[in-house]
Amino acid sequence: MPREVVDIPCQVDYLSILDEDGQVIDADLEPDIPDGRLLQLHRTMLLARRFDERMLQLQRQGRIGTFAPVRGQEAAQLGIVAALRDSDWMVPSFREQAASLWRGQSLESFLLVYGGFYQGNELPGNELPEGTRNLPVAVPVGTQPLHAVGLSYAIKYRGQDDVVVTFFGDGATSEGDFHEAMNFAGVFQTPTIFVCQNNQWAISVPRSRQTNSETLAQKALAYGFPGRQVDGNDILAVYVAAEEAAERARSGDGPTMIECVTYRLSMHTTADDPSRYREEEEVEEWRRREPLPRFQAYLKQRDLLSDSDIEETEEEIQGEIQDAIDRAEERMEKLANEELSMFDHMYAEMPPYLREQRDELARELAGQEGNDA
Amino acid sequence: MREITYREALREALREEMERDETVFLMGEDIADPFGSAYKVTLGLSPQFGTERVRQTPISEQGFVGAGVGAAVTGMRPVVEIMYIDFATMAMDQIANQAAKLRYMSGGQAKVPLVIRTQGGPGRSSAAQHAQSLEAWFAHIPGLLVAMPSTPYDAKGLLKTAIRLDDPVVFIEQKLLYNTEGPVPEEEYTLPFGEADVKREGSDCTVVATSMTVLKALKAADILEREGISVEVVDPRTLFPLDIETITASVCKTSRVVVTHEAVERCGFGAEIVAQIAQTAFGYIDAPIQRVCAPSVPPPFAQHMEAFTMIDEHKIADRVRRLVTGEL
Ligand SMILES: Cc1ncc(C[n+]2csc(CCOP(=O)(O)OP(=O)(O)O)c2C)c(N)n1
Ligand SMILES: [Mg+2]
């Protein structure tokens, strides 16, 4: 036969468990998550939401710098990390506040980092590699999945059964680095979970202009491992997909890609105004599918949560956020007078050339103080 | 003469060249309307020329720079935009190994009339990966031309020339310059590469400045004038080719020189300027050559910390003052 069809595995499934009103569609698919853990997840989702809102206010008041709001993507992040163990690694892009909160990063740490002080990364909840095992944010788009592959290769080499999750956006799948990471993971069968947060937009460019593929998940098929789509606003579906992927990775069956179909309800970053390039109707439509009320409806239906519980949690959270802001602002005030810290953490040992530059700035600062006096 | 912004000057250059020559087209991320690019330089061009010629690409610097190289070889004149110079890293093979080498390696058969527009520099609290000044990387690579305009007039004239040149140009803008205004004639003009501009004449000290630091050097010259110190400000405008003659002529006249740029001092482009001055005008220099540049740290995120690493008129004035008074 001179011409025949090559039979390749070619299938992407789409998983959803909760409908738009938070009703379980198929009870067979409902994951068995302990009640306490479900409530913890709800609390973190609410915290991520309120903290996001508060950070936006702080940014508008000039109290912190630019950041990328997470609004709308909380389930797509929490469902993934909820399926991880503490010893697993997370390699984020720049929008994973919800996932990072779950994995132990403190509110204060976020505030310091987005206030412009990397000292925020020195706080408990950011220890590497002994502690929480979250890498810092990666701002150049699509550069971090390769790190996840390297981390997971090292884990495999050492014979450990930890897994590595990396988050990236729909836009990131257009970068070469992403494809190189996927290919490595396939070839070396690394315990990597590639999580695409398909939030439909990359700044002003819609998903349809990013790739002509019908799904992003199908990219994985070309690299020889499974790719699947989930309703990214359905925390249960995301959790199930992540648990299966983690199980595969731990048992040596290699990588998985999960495309969380979700939506960026807020601006790209605080420097952006999305109303310039997208229709309010589209946003409205996604608002109806947003993750928080769906998860709350599910929990209420299972009698795990009541309106008064929510109110109580809201109040607690507001207090927690305010405390963190107070602490962070106090710390920032101190850090603002530690200009020489910009020379910290450049090298294991400060080279003489850098020490000279630091001393020069120190003299300059001393001179200024002299002038002021 | 009418005054327009640096941003408008660049946009006019693009518009005029696209109207003049159908082979000119644009590629980059978020460059089409209504967004009109991160710093709004291309705003309004996609409605006029269509999205075939104002091509908004997937997020793929390597992709659109490489595709630009290919299109250029066929005789098109692509102008691609890398949103931040920091992300030129993603396309470095295409820039340094491909665009820069194709003419040479094809024995002169292939030419690459590609313009890579990008912007760098601190000043907006954009942090370690959005505010670097990386011009020296490109000036180091044989085969590339490098422009770094400081005024709307230079920006327009040099960009029009860049588009017409038959070699790849890295055209480096500065994020704080976009809103600055300056005189730009309505009539058509272009500016040659390799011609420095004496932005201000003076007799006591030469300040060689690029991009944003030209504005700071001019302010420093104002300050020092009140103290009786006369400063000459020279802007090379293009780093390659570099008009060293104009620079050394100025140094021979003033016998003192301060070189300033926003990039970190070590291995910055200033080192090249200083070396060439030392080689060609050594006998004329009366005081140690000075550099006023950023310390060797990434641009800090916190605004006031970033400010400490930036070059302002006081840093330049202070150094010139100490040089002229014999303190250094
Ligand atoms: C290499 C690189 N190119 C361009 C940018 C500018 N940029 C920042 S975020 C972004 C869009 C990213 O879209 P996506 O991957 O979908 O992630 P999302 O922002 O939607 O979370 C762009 C173009 C960048 N940070 N890095
Ligand atoms: Mg996106």
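## Packing of helix H3 in chain B

In this predicted model, the buried residues of H3(B) pack against strand E2 (24–28), strand E4 (77–82), helix H4 (92–99), helix H5 (102–105) and strand E5 (115–120) of chain B. Packing here rests on contact (C-beta atoms, placed from the backbone, within 7 Å). Helices (H or I, at least four residues) and strands (E, at least two) are DSSP runs, numbered from the N terminus. The buried residues of H3(B) are Glu61(B), Phe64(B), Val65(B), Gly68(B), Val69(B), Ala71(B) and Ala72(B). A residue is buried if 20 or more other C-beta atoms lie within 10 Å of its own, exposed if 12 or fewer, and partly exposed in between.

Helix H3 of chain B covers residues 61–73, and its 13 residues reach 18 Å from the first C-alpha to the last. This is close to the 18 Å expected at 1.5 Å a residue, where the expected span is 1.5 Å times one less than the number of residues. After H3(B) comes Gly75(B), with a positive phi near 105°.

## Strand E3 in chain A

Strand E3 of chain A (residues 164–169) is largely enclosed by the rest of the structure, because 6 of its 6 residues are buried. Val164(A), Thr166(A) and Phe168(A) point one way, while Val165(A), Phe167(A) and Gly169(A) point the other way.

E3(A) pairs in the parallel sense with strand E2 (residues 89–91) of chain A over 3 bridges, and with strand E4 (residues 192–198) of chain A over 6 bridges. Two strands pair if DSSP finds at least two bridges between them. Val164(A) is the bridge partner of Trp89(A), and Val165(A) stands opposite Ile193(A) in E4(A). From E3(A), the chain crosses through helix H6 (residues 176–188) of chain A to E4(A) in a right-handed β-α-β crossover (clockwise from the first strand over the helix to the second, with the strands pointing away from the viewer).

## Chains and ligand

Chain B has 24 residues in contact with 31 residues of chain A. Helix H11 (residues 303–309) of chain B gives the most to the side of chain B that touches chain A, with 4 residues.

Ligand 1 lies between chains A and B. It is surrounded by 21 residues, the closest being Val141(A), Gly169(A), Gly171(A), Ala172(A) and Ala202(A); a residue is near if its C-beta atom, placed from the backbone, lies within 6 Å.

## Numbering and model

Residues are numbered from 1 along each chain as its sequence is written, and chains are lettered from A and ligands numbered from 1 in the order in which they are written. In this predicted model, local features need pLDDT of at least 70 and side-chain atom pairs count only at pLDDT 80 or more, while totals for chains, interfaces and linings use all residues.

Key: Contact = placed C-beta atoms within 7 Å.
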